[in-house]
Amino acid sequence: MKRITLPLLALVAALAAGTADAACRVEYKAKRDNPLKLDFGTVELPDSACASKEAAAAALKPRLAKQGWTLLAIVSILGGG
């Protein structure tokens, strides 16, 4: 019984630590050119980016740009803010 409990507690602690920074989920629309590709996605953002669509866009634009995407719109903020 003790062998199962310790790994289970470690897993729960790791999951809790991983979600501590993410205070909301944001739905967004983005595009990539040559060839044109459109994307509708969701991403977890920290609490500081959950107050408004503008704050979410400011936090998300650089992340998408690193992957070659251009943010078109923040559709909604789910939770937080």
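Q: In which strand does L38 lie?
A: In this predicted model, L38 lies in strand β2.

Q: Why is L38 called exposed?
A: The relative accessibility of L38 is 63%. Exposed means over 50%, so L38 counts as exposed.

Q: What makes L36, L38 and L72 a nonpolar patch?
A: A nonpolar patch joins side chains such as Leu within 5 Å, each residue having over 30% relative accessible area and no salt bridge. L36, L38 and L72 form such a patch on the surface, and together they have about 340 Å² of accessible area.

Q: Why is the contact of E44 and R25 called a salt bridge?
A: The N to O distance between the side chains of E44 and R25 is 3.8 Å. The cut-off is within 4 Å, so the pair counts as a salt bridge. E44 lies in strand β2 (residues 37–46) and R25 in strand β1 (residues 22–32), so the bridge ties together parts that are 19 residues apart in sequence.

Q: What makes the K31 and D33 pair a salt bridge?
A: The side chains of K31 and D33 meet at 3.7 Å, N to O. This distance is within 4 Å, so the pair meets the definition. K31 is partly exposed at 24% relative accessibility, and D33 is partly exposed at 44%.

Q: How many salt bridges does this rule give?
A: The count comes to 2 salt bridges.

Definitions and conventions:
Residues numbered from 1 in each chain as written. Predicted model: local features only at pLDDT ≥ 70, side-chain atom pairs only at ≥ 80, totals over all residues. Heavy atoms only, no water. Helix = DSSP H or I, 4+ residues; strand = E, 2+ residues; numbered from the N terminus. Buried < 20%, exposed > 50% of the residue type's maximum accessible area, 1.4 Å probe, protein only. Patch = residues over 30% accessible without salt bridge, like charges linked within 9 Å, V, L, I, M, F, W, Y side chains within 5 Å. Areas by Shrake-Rupley, 256 points an atom, 1.4 Å probe, with all protein chains shown as cover.
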